[in-house]
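Student: Can we go through this structure together? I'd like quick answers.
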Amino acid sequence: MLSPPATAPVDDWTTDYDIFDPEYVKDPTPVWKDLREGCPMARTDRRGIRSWLPTKYADVQALAKIVPELSSKDPLVVTLPPDMDVVDNSSGLNAPPISADPPEQIWTRRMILPAFAPRAVEAHREFTEDLCNRLIDGFIDDGRCDAAVDYAQQIPPRVIAHMLGFDPNKADDFTEWVRGVLELGLADPKIRVKYRDIIQNFLITEVTSRAKEPRDDYLSELLAMDIPEMKGREIQVVVGIANLLLIAGIDTTWSSIGSALYHFGTHPDDRRRLAADDALFPTALEEMLRYYSPVTMARMAQEDVPFGDIVIRDGEKVLMNFPGANHDEDAFEDADKVLIDRTRNRHIAFGSGIHRCAGSNLARLEMDVSVRTWFARIPEFEVSNPDAVTWAGGQVRGPRKLPMRF
Amino acid sequence: MKLSIDSELCQGHNRCFALAPELVDVDDYGEAFVLNDGVVPDELRDKALLIIDNCPEFAISEVKS
Ligand code: HEM
Ligand code: SF4
């Protein structure tokens with residue numbers, strides 16, 4: 001079973017914050033509010049390395065633009081101990097563009113952007129709709145399900161397997177592997193390295209077979225691209241990219257679908273309003289992304305970086321607290337309220353600056369299809385036991401158990 | 001009213017194209033550009049203001065004549 005990293009109680013959030021604190025994982029908003037008012041750049045020396053936590057929207061926006069002084073070479077929120085960090089000092093993540101700075105970040109990102117452009121991702125809508133309907137067929141007659149495990153978790157790994165041309169039956173393995181890197185693996189470096197290696201080995205096999213014998217699929221297309229920087233190391237580059245697409249698209253999207261169903265399963269007024277008015281879906285889903293932003297990234301300073309009153313020293317980390325930024329009253333009216341008809345919503349759940357989530361159009365499509373399909377088939381539902389809901393936090397926050405009754 | 005998109009700032013969040021495909025489009029890399037030289041018909045004024053306020057990169061602005 002997954003358990004968060006062991007955590008000692010926090011006395012002072014300004015100098016000793018802990019994003020794995022159980023209360024913080026459940027609801028980080030009160031901590032952000034306090035910090036924003038008193039100490040908008042909190043710090044901690046937990047987990048081996050000094051790490052800063054911004055909570056203001058303007059600060060997160062500004063920090064995301066300090067490239068490459070604040071580097072993406074080690075983008076996970078917890079750094080691996082040096083003796084275990086065998087892959088190019090990058091938390092064991094060989095995953096450009098997310099683990100790269102320009103110029104490598106630019107050309108690897110340009111390789112994948114066209115497949116994720118707004119019109120291109122529409123190619124996956126029908127598959128996703130069928131998938132969601134089949135999942136619902138499986139539990140609708142029971143009158144109950146675990147909306148995280150039986151529904152949200154099932155969708156992204158199958159969509160990405162479909163896109164990358166992998167055996168759809170491996171979807172459950174993908175979920176386990178990705179959680180091994182992003183959830184369990186944050187607590188226990190051995191587990192992170194174990195699952196990182198499982199993923200790498202799987203991908204090396206898949207990519208190598210396509211390098212020998214191209215197929216009519218996306219990985220073969222990537223291998224065949226005419227990119228001067230990739231010449232002579234196509235397999236390595238494409239394995240890295242596939243690694244990222246697998247890791248970046250699963251926990252994240254699953255969390256955002258689960259959070260949306262959690263919200264509507266605990267807020268009957270919002271649920272009824274949305275069920276009665278389809279036209280609210282676009283603003284409602286953006287509001288879910290803002291309020292329940294799942295993803296926190298990290299940067300590592302490659303030199304001393306002065307920032308306001310502080311200096312981020314060479315080798316220290318900064319958390320890209322996109323979720324906290326999205327609750328800043330200076331950027332959002334009634335920031336701590338969910339307004340499903342919020343029309344002005346400049347949220348940065350998908351990041352900001354050059355690393356803007358390359359998969360955001362696909363993620364939005366998956367959210368749109370999965371929540372709409374759920375509402376069409378199951379317009380009346382509620383979380384059956386709010387105390388039984390569990391959350392994962394850290395790099396990716398979202399519900400992991402979500403018992404639902406309908 | 002006239003809109004412009006700063007291509008240095010745009011990172012392809014696609015909020016603008018999702019909200020106002022009458023006013024902007026995106027290229028293969030998801031980067032946005034204005035249609036019709038950025039000229040906004042009167043009846044789309046509200047939409048233009050909406051996309052200005054929803055761009056996470058502050059890349060869209062009104063051109064003051
Ligand atoms: C709701 C779901 C998702 C959320 C909230 C999310 C969030 C993010 C965030 C915040 C970043 C910025 C990383 C940084 O600044 O270091 C990012 C990057 C990225 N995401 Fe997503 N993501 C989601 C789903 C997906 C999906 C479905 C895919 C693709 C299958 C994907 C692929 C990527 C890639 C390739 C990058 C790296 C872009 C770069 O570094 O240039 N994401 N994501
Ligand atoms: S919303 Fe802003 S960043 Fe996104 S595509 Fe439009 S102009 Fe570019």
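Student: What should I know before I read any values?
Tutor: This is a predicted model: local features need pLDDT of at least 70, side-chain atom pairs count only at pLDDT 80 or more, and totals for chains, interfaces and linings use all residues. Residues are numbered from 1 along each chain as its sequence is written, chains are lettered from A and ligands numbered from 1 in the order in which they are written, and side-chain values use heavy atoms, with hydrogens and water left out.

Student: How many helices and strands are in chain A?
Tutor: Chain A has 16 helices and twelve strands. These are DSSP runs numbered from the N terminus: helices are H or I with at least four residues, strands are E with at least two.

Student: What share of chain A is buried?
Tutor: Buried residues are 59% of the 406 in chain A. Buried means under 20% relative accessible area, exposed over 50%, partly exposed in between (1.4 Å probe, protein chains only).

Student: Now the contact. How many residues does each chain give?
Tutor: Chain B gives 19 residues and chain A gives 25. Contact means heavy atoms within 4.5 Å.

Student: And how much area do the two chains bury between them?
Tutor: About 1,900 Å², with 46% of it on carbon and sulfur atoms. That is the accessible area (1.4 Å probe) that two parts lose on being put together, summed over both.

Student: How many salt bridges are there between chain B and chain A?
Tutor: Five. A salt bridge is a side-chain nitrogen of Lys or Arg within 4 Å of a carboxyl oxygen of Asp or Glu. The elements of chain B that give two or more residues to the side touching chain A are H1, S2 and H2. H2(B) gives the most, with four residues.

Student: Which residues pair with B:Asp53?
Tutor: A:Arg344 forms a salt bridge with B:Asp53, the closest N and O atoms being 2.9 Å apart. That pair crosses between chains, from the loop between H15 and H16 of chain A to helix H2 of chain B. A:Arg346 also forms a salt bridge with B:Asp53, at 3.7 Å between the closest N and O atoms.

Student: Is A:Arg344 buried or exposed?
Tutor: Exposed, because its relative accessibility is 52%.

Student: Which residues of H2(B) are buried?
Tutor: In helix H2 (residues 45–54) of chain B, they are B:Ala48, B:Ile51, B:Ile52 and B:Asn54. Their cover includes strand S1 (3–5), helix H1 (15–19), strand S2 (24–26) and strand S4 (60–62) of chain B.

Student: Back to chain A. What does A:Arg46 pair with?
Tutor: A:Arg46 forms a salt bridge with A:Asp16, the closest N and O atoms being 2.8 Å apart. A:Arg46 lies in the loop between strand S1 (41–44) and strand S2 (51–54) of chain A, and A:Asp16 in the segment before helix H1 (22–26), so the pair ties together parts that are 30 residues apart in sequence. A:Arg46 is buried at 16% relative accessible area, while A:Asp16 is partly exposed at 23%.
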